[in-house]
Amino acid sequence: MQSDKIQIFDTTLRDGEQVPGCKLDTQQKLVIAERLDFLGVDVIEAGFPVSSPGDFISVQEIAKLVKNATVCGLTRAVKKDIEVAADALRLASKPRIHTGIGTSDSHIQYKFNASKEEVIRRAKEAVSYAKNFVDDVEFYAEDAGRTDNAFLAKVCEEVIKSGATVLNIPDTTGYCLPEEYGAKIKYLKDNVKGIEKVIISCHCHNDLGLATANSIAGAINGARQIECTVNGIGERAGNTALEEVVMILKQHPYLNLQTDINTKLLYDTSMMVRERMGMPVQPNKAIVGANAFAHSSGIHQDGVIKNRETYEIIDPADVGVTESAIVLTARSGRAALAYRAKKIGYELTKIQLDTAYKTFLQFADRQKEVIDEDIHQIMKQVNKISKIAIA
Ligand code: KIV
Ligand code: ZN
C-alpha cells in the first residue's frame with residue numbers, strides 16, 4: 001500500500017526561539033533555516049513578524065533565502081499582524097500566513113472576554129483578510145486541546161469556508177492524552193464539512209511528556225502535518241521533537257506514513273541547534289542524546305557486540321551517529337573490554353583478557369568510566385606478563 005506523506009512543519013525558529021535564552025540574531029537564524037531546508041522540512045515557521053523589527057527582518061531574510069520549503073509567519077487574528085506578516089513574506093517562493101485565535105472556554109472568557117460567536121467572527125475575518133495576500137493560510141485554534149469538540153468543529157467549518165488551507169489543532173497546554181487527542185482529530189475528520197479540502201495539523205506541547213505521542217496519535221487519526229522543533233525545544237516543557245516523530249514514522253513502516261526528512265542529518269542538525277541556541281540536550285534524550293546509542297551494562301554490551309539489534313531499534317548511522325558506544329564502567333564485562341581494547345589496537349588472548357579484566361575492575365571501581373587512556377595503562381601491565389598482539 002502506498003504510504004501517505006506527513007508534512008513536517010518546523011517551528012524551531014518561532015515556538016522554539018521564544019524560549020528564554022534561545023534568542024538568535026538574523027544571521028544565526030539564516031544558518032538554521034538553510035539547514036532545515038536541506039534537512040527536508042516542508043514548512044519553516046520563521047517567526048512572528050509583528051512582534052519586533054528584528055523578527056520582521058529575520059522572516060524577510062529567511063523568505064528570500066529558502067529554496068524548497070514553504071516559509072510561514074505567525075500572526076494573531078489582527079489585521080495589522082497579518083499585513084506585517086504578508087510584507088515580511090513578500091519575497092518567499094512559497095509563503096504561508098499562520099493566523100488564529102484561542103477557542104477554549106478559558107481563552108474566550110479570560111483572554112478575550114468575548115462570546116463564542118465573536119471568536120468565530122474574528123477567526124473568519126482573519127482568514128479572509130490573510131487570503132488577500134497569500135493563497136496558503138493556516139488557521140490555529142489556540143488551546144484546541146481543551147476546546148469542546150463540537151465548538152472546535154464549528155470554528156473549523158467556518159474558517160474552511162473563509163479559505164483556510166491548513167487547520168492547526170494545538171494542544172497548547174500539553175493537556176491531552178494520546179487517545180483523547182487522536183479522537184479529537186477523528187471527530188473533526190468525521191464532523192467538519194469541507195475537511196477533505198484542508199490538511200489537519202498537530203501542534204502539541206510537552207507539559208506532561210506526551211507531545212510526541214499526541215502528534216503520532218493525531219497522524220494515525222488523519223492529521224497530515226506535524227508541527228515540531230529540533231530537540232523538542234519550546235515554551236515551558238517544549239514542543240514535539242522533530243527527530244522523534246520522524247524516526248517513529250520511519251521505524252514503524254506499517255503505519256504507512258512517511259516524511260521527506262533526510263534522517264542522516266538529524267544528529268548534526270540537533271548539534272547545530274543546541275550550539276547556536278546555547279540550549280543543551282539531556283544525555284538520555286531519544287535519538288539525539290549523548291546516551292541514545294551508548295551501552296553500559298555488561299549484559300547489554302555483550303548483546304550489542306554480538307548483534308546490534310539485540311538492544312538497538314535504530315541503526316545509529318540512520319540518524320548520522322557514527323556508531324553505538326560501548327561505555328566501560330564497573331558493570332561492563334570481558335566482552336566489552338576486549339571490544340574496546342581491539343578498537344585501539346590490542347588483540348587479547350583469553351588468558352590475557354582474564355588478567356586485563358582484573359586490573360580493569362580496579363580502575364572501574366575507582367572512577368565513573370574507564371577511558372582509552374586507562375586501557376593503554378591496563379595493557380602495559382598485561383604486556384609485562386605476556387606480549388599482546390597488535391589488532
Ligand atoms: O501552542 C500554540 O497554540 C501555538 C500557536 C500560536 C500555534 O504555538
Ligand atoms: Zn505552540
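**Exercise 1. Find which polar atom of the Asp42 side chain's surroundings lies 2.7 Å away: the backbone nitrogen of which residue?**

Solution.
- The backbone nitrogen of Ile8 lies 2.7 Å from a polar atom of the Asp42 side chain.
- This is a predicted model, where local features need pLDDT of at least 70, side-chain atom pairs count only at pLDDT 80 or more, and totals for chains, interfaces and linings use all residues. Residues are numbered from 1 along each chain as its sequence is written, chains are lettered from A and ligands numbered from 1 in the order in which they are written, and side-chain values use heavy atoms, without hydrogens and water.
- Asp42 also makes a polar contact of 2.5 Å, side chain to side chain, with Lys5. A polar contact is a pair of N or O atoms within 3.5 Å; within protein, one must be able to donate a hydrogen and the other to accept it, and residues adjacent in sequence count only if both atoms are side-chain atoms.

**Exercise 2. Place Asp42 in the chain, and decide: buried or exposed?**

Solution.
- Asp42 sits in the loop between helix 2 (26-39) and strand 3. Helices (H or I, at least four residues) and strands (E, at least two) are DSSP runs, numbered from the N terminus.
- Asp42 counts as buried because its relative accessibility is 13%. Buried means under 20% relative accessible area, exposed over 50%, partly exposed in between (1.4 Å probe, protein chains only).

**Exercise 3. Describe the sheet and a helix that packs on it.**

Solution.
- Eight strands form a closed barrel in the order 2-3-4-5-6-7-8-9, with parallel pairing. Two strands pair if DSSP finds at least two bridges between them.
- Neighbouring strands of this sheet are turned by 25 degrees against each other on average, direction ignored. Axes are lines fitted to C-alpha atoms, for helices over the stretch in contact, and angles run from 0 to 180 degrees between N-to-C directions.
- Take strand 2 (residues 7-10) and strand 3 (residues 43-47): they pair in the parallel sense over two bridges. Here Phe9 stands opposite Val43.
- Helix 3 (residues 53-65) packs on the sheet and touches strand 3 and strand 4 (70-74). Its direction makes about 150 degrees with that of strand 3. Contact means heavy atoms within 4.5 Å.

**Exercise 4. Which side chains have a polar atom 3.1 Å from an oxygen atom of ligand 1?**

Solution.
- Asp15 has a side-chain N or O atom 3.1 Å from an oxygen atom of ligand 1.
- His203 has a polar side-chain atom at 3.1 Å from a ligand 1 oxygen.
- For His205, the distance is 3.0 Å.
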